[in-house]
Amino acid sequence: MTTTLQHWQGRITAVAFTSLTGAFGLNLAIGQFIAPLMDSLAWSLAATSTVVAVNTLAWGLFQPLAGRLIDRIGPRQVMAGSASLMGLSYVTLATVTEYWQFLILFGVVVAAGFAGCSSMPSSVLVARWHTKSRPRALAVSSMGINAGQLLLLPLAGVLVTMLGWRAAFLALGAIMLALVVPVLWFGARNSPSDVGIRSDGTLEPAGAPTTLRDALSDRQFWTISLSFAGCGYSLYLFTTHMPKLALELSGSPSTGGWLMALVALCSAASMWLTGQWAAKRWGKRVTLIVLHTARAVSFTVLALAPSLPAFILGVVMFGLSSFPVIPLTTGLVADRFGGTAMGGILGSSWLIHQIFAALGVLLGGLLRDATGSYSASFASGAAVLIASTVLTWLISERRFQVRPSPTAA
């Protein structure tokens, strides 16, 4: 029985890793298409950037909906269907000729698919299968985010250069449909009970499941979610504006892409370290405090960097302290509210994360235009991360207790 459970747990972790590789790879690959779309269809940078901003916000808005759907029918069905939607959208993007088509397909439809097969649903799937091994499993599966950056972003650039942007959209969509979707559908099951085995659960006490209404009335939900919002603000401020800041510090046009690959490598190493050692030794809360503090320091370095070498130091610090925040925070949500009914709960946390992400993109640009440099933009990220650190101190890792109804009592 134990061997069978361990086999399925490893299998589910691999499925979640694959889903994140495809989902983040396709969603982040759009940066490789901006310049070709502008040249081919005569669109402005403002117009194409607006579509990316719409995608960022729409992803957050779709998260609670995807979460509620997961709670009703299960993560396997939602993830496979959403990955299919992303793949079909990319195939259809190969045919666009009008701006409104690009806005609807990438800004809305791709975002809807991304919401259903990215971090939130993958975390729910992993949480349902793992309890004692949850921190490690979330950390390992979340490395799929880095794999998507390292594999599909360079591939997208090569395809665009060699075959053109239409063929590149078609090829990436085909990869999602032919490889990722079958892995999700045939490789995953919603929970151990679907295959007739018992969970390893020692963290999930018996009793009524936590509902979204319960969570929204819990102060700790808001403490965790608002601390997570600092991750969204700083992450999207960095990924959107870092390449331009690198150029302003005498970097080449390709410097931003290479630095994003460096961020992915540093993040993968940090993800493994936090899952294998830090979270077990210190707990999720203390590990998050360390990561938020380190990221605040990295933004301070980026805000004050006088030259490219100092800037690269800030980039490395950001990479080490960035993506590990995601599995640790989702682990806190799963530990507090349970792994079986957390889709809508985690989706609501991600909505808050994405609202602040859009705010980070917007304020980063506004402060740059108003002051003539990125110092104030990245300083705002440091300030938000300090607030996240304070909020994380206030997090309790105790399990949420559902109050019995008067009738049940």
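1. A salt bridge is a side-chain nitrogen of Lys or Arg lying within 4 Å of a carboxyl oxygen of Asp or Glu. In this model, which is a predicted one, that rule gives a count of 3 salt bridges, and the points below take them in turn.

2. In one of these salt bridges, the side chains of Asp-218 and Arg-336 come together with an N to O distance of 2.7 Å. The two residues belong to distant parts of the chain, 118 residues apart, since Asp-218 sits in the loop between helix 9 (212–216) and helix 10 (219–248), while Arg-336 is part of helix 14 (residues 325–337). Both Asp-218 and Arg-336 are buried.

3. A salt bridge also joins the side chains of Arg-368 and Glu-248, with 2.9 Å from N to O. Here again distant parts of the chain are linked, for Arg-368 belongs to helix 15 (residues 343–371) and Glu-248 to helix 10, and the two are 120 residues apart. How do the two partners stand in terms of burial, buried or partly exposed? Arg-368 counts as buried because its relative accessibility is 18%, which is under the 20% cut-off, whereas Glu-248, at 34% relative accessibility, counts as partly exposed.

4. The remaining pair to describe is Asp-335 with Lys-284, a salt bridge in which the closest N and O atoms are 2.5 Å apart. Asp-335 and Lys-284 are both buried.

Methods:
Residues numbered from 1 in each chain as written. Predicted model: local features only at pLDDT ≥ 70, side-chain atom pairs only at ≥ 80, totals over all residues. Heavy atoms only, no water. Helix = DSSP H or I, 4+ residues; strand = E, 2+ residues; numbered from the N terminus. Buried < 20%, exposed > 50% of the residue type's maximum accessible area, 1.4 Å probe, protein only.
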